[in-house]
Amino acid sequence: MRTWLAAALIGCVLTLVACSPPTNNVAVAGTPSPSPTPSAFMPAVGDCFSVRGSDLTESEKVPCTTHHFAEEAFIGSFTGDAAAVGIPPVANSIAMRQAYEQCAAPTQRYLGGDWHSALMQLELEIPDVVAWRAGARWFRCELSASPIDHGAKVGADVSFRGILAGPTPLSVRCITWKGTGNSVHDFEPVSCSSPHNGEFVGAYTAPARAWPATVKQQQDIAEHGCENLVAQFVGFPSWQALDNPYVGYLEFGFDETQWNMGDRSARCYVAAYTKDGKFVGSVKGIRSRTPKG
């Protein structure tokens, strides 16, 4: 049985934006510091933007049928103790985890399905220090097309609202990539009827626990989950039972911020070990048969 580990890509799938760093406002002697004022513009659910970030402006709003990088799926508010403090919540805080938990159900309703099953990512945006001190207590659950290549910035040309309720380019299941050794790069979604070297099988969610301290522990957890999902996708009960030398696996592992927010997911792909390193068509349910390639 063959495996392919993308160790260099651990943690590249999801970025959760916590907050901007505090701004040090230095006043000139004898001159009072200006009072911060809240932004006059507040995005609404369904708004799309040509950029991403916490400080969006009305001029950056675009029609969702044009190329955009951010779309608002849900907008909530910090309340209680979280809203009473003088600075925005910090990453890994209880307030941030609770806010992110509130994103899950509305975002799924907005999309018509689980964003993990598509080439998408979900970011949590909160006010910067200036806006917070001026009274802003919102948080935004913001969707974007997922950069499956390391560090890439991609957009979409359609609204995400209800997009996962039916076939969509964002749920393309097959990809091609280039690689050297265990490092892979230059990902591109393609039709499964075209030659490809990977097919998405699902997202593995690790059991709740503290963030694994070492890269090896992180890899071991992701590998164990993905290899079994791949085996079941092909038609076997477990990786140990898999009997097809042309099938391996590729996993996009965890990110520490993502994990601490409560999203302990890793995306899993079947990897091709055919003679030319490609599949043609889906390998779902092929069991021990030789895949096309």
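A disulfide is taken here as a pair of cysteine sulfur atoms within 2.5 Å. The model is a predicted one, and by this rule the count comes to four disulfides. With the bonded cysteines numbered in sequence order, they pair as 1-2, 3-4, 5-6, 7-8.

C226 belongs to helix α4 and C268 to strand β10 (residues 265–272), so the bond ties together parts 42 residues apart in sequence. C226 counts as buried, at 0% relative accessibility, and C268 counts as buried, also at 0%.

Helix α4 (residues 215–234) has 20 residues; at 1.5 Å a residue it should span 28 Å, which agrees with the 28 Å between its end C-alpha atoms. After α4 comes G235, with a positive phi near 125°.

For C48 and C64 the torsion is about 100°, so the disulfide is right-handed. C48 lies in strand β1 (residues 48–49) and C64 in the loop between β2 (61–62) and β3 (70–77).

The torsion of C103 and C141 is about -80°, so that disulfide is left-handed. Both cysteines are buried.

In strand β5 (residues 138–145), which runs antiparallel to β4 and is joined to it by six bridges, C141 stands opposite L124. Six of the six residues of β4 (residues 120–125) are buried.

Definitions and conventions
Residues numbered from 1 in each chain as written. Predicted model: local features only at pLDDT ≥ 70, side-chain atom pairs only at ≥ 80, totals over all residues. Heavy atoms only, no water. Helix = DSSP H or I, 4+ residues; strand = E, 2+ residues; numbered from the N terminus. Expected span 1.5 Å × (residues − 1). Buried < 20%, exposed > 50% of the residue type's maximum accessible area, 1.4 Å probe, protein only. Pairing = 2+ DSSP bridges.
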